[in-house]
Amino acid sequence: MDNEMVTLTDRQKKARRSRNIAIGLALAALVIIFYLATIAKFGPAILDRPL
């Protein structure tokens, strides 16, 4: 079996890193939006629930 590996250029590595950072930031933004939406939906009553 001949294992041929792909070698990325510096430009491709930079593009991949930029994409990964953008995906990470988008995911973090979604988590924050869902968290804030949950807090907004329940409001202050979320702390006044029976245990």
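Isoleucine 39 is found in helix H1, where helices are DSSP runs of H or I with at least four residues, strands are E runs of at least two, and both are numbered from the N terminus. The model is predicted, so local features need pLDDT of at least 70 and side-chain atom pairs count only at pLDDT 80 or more, while totals for chains, interfaces and linings use all residues. Residues are numbered from 1 along each chain as its sequence is written, and side-chain values use heavy atoms, with hydrogens and water left out.

Helix H1 covers residues 10-42, and its 33 residues should span 48 Å at 1.5 Å a residue; the expected span is 1.5 Å times one less than the number of residues. The end C-alpha atoms are 48 Å apart, in agreement with that value. Glutamine 12 also lies in H1, and its C-alpha atom is separated by 35 Å from that of tyrosine 35, 23 residues apart along the chain.

Isoleucine 39 has a relative accessible area of 36% and is therefore partly exposed, a class between buried (under 20%) and exposed (over 50%), with a 1.4 Å probe and protein chains only. Glutamine 12, at 40%, counts as partly exposed. Leucine 8, in the segment before H1, is partly exposed at 26%. The C-alpha atoms of leucine 8 and asparagine 20 are separated by 15 Å, at 12 residues apart along the chain.

Just after H1, glycine 43 adopts a positive phi of about 65°.
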